[in-house]
Structures are given as structure tokens and as C-alpha cells.
Amino acid sequence: MDEGIGGWVDSAQAWIEGQGESGDTSRQIILDPCLRVVLGDLTGLSVLDVGCGEGRYCRVMAGRGAAVTGVDPVPAFVERARTLHPSGTYVEAFGESLPFEDDSFDVVLSYLSLVDIPDFRAGLREMARVMKPRGRLVIATISNVSSTSDGWIKDEAGSRLHKPVDRYMEDFAMELEWSGLKILNYHRPLSAILSALFESGLVMDGFHEPLPPESSEWYANEFRVPTFQVMTFRVG
Ligand SMILES: C[S@@+](CC[C@H](N)C(=O)[O-])C[C@H]1O[C@@H](n2cnc3c(N)ncnc32)[C@H](O)[C@@H]1O
């Protein structure tokens with residue numbers, strides 16, 4: 001594991017400022033509405049958010065009745081999450097080595113953190129391990145068709161021609177830079193992710209490619225190639 005946790009230590013402040021209370025636009029209009037439906041009624045459930053960042057979605061789930069635990073390896077995120085939500089439980093740890101007993105949580109969530117976890121097989125194995133036997137795992141992640149590249153190929157006028165897909169079958173890290181952040185994101189083929197989960201004894205019971213509600217120029221691109229996917233699993 002690198003010292004800077006994939007660039008997140010140096011990028012933490014910019015991330016906190018960029019997320020605010022409502023998250024970025026993609027979260028607000030694409031992922032949050034899908035997750036609300038997929039997660040359903042959280043009243044009284046214990047929920048673990050792996051790679052919780054500064055805890056925005058933990059606070060959302062707590063507001064819907066869940067007893068939340070957030071885990072993140074970046075100290076500044078854990079400190080911020082504790083400050084903003086003192087009644088939540090926030091733990092500094094890596095997804096590859098979760099400091100919880102087997103069968104601990106009703107729901108385990110990874111909200112755009114799987115692409116940040118270097119050893120994704122260990123991370124997924126750990127998520128499966130800490131789920132209760134009747135628990136659920138929900139993974140919101142970057143679509144595997146979008147995660148091999150950093151954006152669209154454009155023509156001279158700046159119109160988007162297509163999103164490139166290459167090195168799809170490889171597992172590799174890509175450096176991304178935006179709004180004061182510089183981090184690593186990992187692409188893996190979907191088959192590798194699903195195999196790791198199936199080998200951990202989980203079965204898939206939902207797969208979504210969530211779209212925004214409207215069609216402005218920016219949103220229209222989502223109807224051409226989705227940026228996100230949301231997958232749900234149960235113990236088989
Ligand atoms: C894109 S942010 C998402 C944060 C939050 N889930 C959200 O949606 O706002 C990715 C998060 O993954 C965390 N992360 C990086 N390496 C990790 C690892 N090995 N295990 C768990 N989380 C990790 C980062 O610190 C960061 O908080």
C-alpha cells in the first residue's frame with residue numbers, strides 16, 4: 001500500500017470541499033436516487049459503509065434509521081465524519097482488512113470505493129465475510145465500460161465522438177486529476193469482480209445501470225455510455 005493511499009491523503013481537503021452536504025452532481029441525480037430504492041427500508045439495520053470518505057452517505061443512511069459504521073483509511077476523512085456525525089461509528093481501516101467479526105452487518109455498502117481499493121479481491125472477500133447470513137452487499141461503482149479511460153474522445157469542435165474502451169481484460173491503475181484532487185482509480189474486468197464475489201459465497205440479485213432523470217447535453221451522454229453500475233448480492 002502506498003503512503004498516500006492512492007493520493008487520497010493529499011486530496012482529502014479538496015474532496016471534503018467538493019462534496020458539501022449533498023455530494024457531487026452525479027451522486028445527487030444518478031446514484032443517490034438508485035441507492036435509495038435499492039437499499040430500501042433501513043430502519044433498525046446495521047450498515048457498514050466501506051470507503052465512506054467524510055461520511056456523507058453514512059449520514060444519509062442514519063437519517064433513514066440505520067445504525068451506521070463507516071470505514072476509511074484516510075485519517076482526515078474519519079476525523080471529519082466523526083465531527084459531523086458524533087453518534088455514528090467511524091473507524092480508520094483499509095477495506096482489505098476490516099476490523100470486524102464475521103457476520104456483523106445487515107447491509108454492507110461500497111459507494112464508489114471499489115475502484116479505490118488496490119487489492120479488490122481481498123476487499124470483496126472482507127465485505128462478504130462481515131455480512132450477516134441474511135445480509136446484503138450493495139456495490140455502487142464505475143461501470144466497467146467507463147473505467148478503462150478518463151473520458152471521451154472528442155472531435156476538433158469539442159463534440160464527444162465515443163468513449164474509448166481498451167485494456168478491458170487487465171487490472172490496472174489510472175491517475176485521475178480534477179478540482180484539486182489527484183488520485184488513482186483501478187479498472188478491473190467485470191468477470192474478475194463477479195468471480196471474487198461468487199467465490200466468497202455470494203449470489204447476485206440485482207444489477208442496475210442508473211441514468212439521470214433528464215436529458216440536458218451533459219446528461220444525454222449518460223444515455224450513450226453509462227458511468228455507473230449498482231450491483232446487489234446476498235449470501236447463496
Ligand atoms: C471516491 S471516494 C468515495 C467516498 C464516499 N464513499 C463517497 O461516495 O462520498 C473513495 C474513498 O475510498 C477510500 N479508499 C482508498 N483506499 C481504500 C482502501 N484500501 N480501502 C477502503 N477505502 C479506501 C478513499 O479514502 C475515499 O474515501
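## Who surrounds the ligand

Ala, Val, Leu, Ile, Met, Phe, Trp, Tyr, Cys and Pro count as nonpolar here, Asp, Glu, Lys and Arg as charged, and the others, Gly among them, as polar. Keep that sorting in mind as you look at this predicted model. Around the ligand sit 20 residues, and the closest are R27, G51, D72, G95 and Y111. Sort the shell and you get twelve nonpolar, four polar and four charged residues.

D72 brings in its side chain, with a polar atom 2.6 Å from an oxygen atom of the ligand. On its own the ligand has 590 Å² of accessible area, and the protein covers 97% of that.

## A hole inside the protein

Now for some empty space. Rolling a probe the size of a water molecule over the atoms shows where empty space is left. Here the count comes to one cavity of 30 Å³ or more, and the largest cavity has a volume of about 60 Å³.

What lines the largest cavity? The list is L114, V115, T141, I142, N144, S147, Y186, R188 and I193. That lining splits into five nonpolar residues, three polar and one charged.

Most residues other than glycine have a negative phi. You'll find L112 in the loop between β4 (105-111) and α5 (120-130). Is L112 buried or exposed? Its relative accessibility is 15%, so L112 counts as buried.

R167 also has a positive phi, near 50°, and its place is the loop between β7 (160-162) and β8 (172-178). This one counts as partly exposed because its relative accessible area is 40%.

## A helix and a strand

Helix α3 covers residues 56-63, and R56, Y57, C58, R59 and M61 in it are buried. After α3 comes G65, a glycine with a positive phi near 95°.

Finally, look at H208 in strand β10 (residues 202-208). With a relative accessible area of 32%, H208 is partly exposed. Where is Q229 relative to H208? They are 21 residues apart in sequence, while their C-alpha atoms are 5.6 Å apart in space.

Conventions: Residues numbered from 1 in each chain as written. Predicted model: local features only at pLDDT ≥ 70, side-chain atom pairs only at ≥ 80, totals over all residues. Heavy atoms only, no water. Near = heavy atom within 4 Å. Polar contact = N/O pair within 3.5 Å; in protein donor to acceptor, adjacent residues only side chain to side chain. Areas by Shrake-Rupley, 256 points an atom, 1.4 Å probe, with all protein chains shown as cover. 1 Å grid on protein atoms, 1.4 Å probe; cavity = no way out; pocket = protein on both sides within 12 Å on 5 of 7 lines; lining within 4 Å. Points joined across faces, edges and corners; volume = space filled by probe spheres on them. Buried < 20%, exposed > 50% of the residue type's maximum accessible area, 1.4 Å probe, protein only. Helix = DSSP H or I, 4+ residues; strand = E, 2+ residues; numbered from the N terminus.
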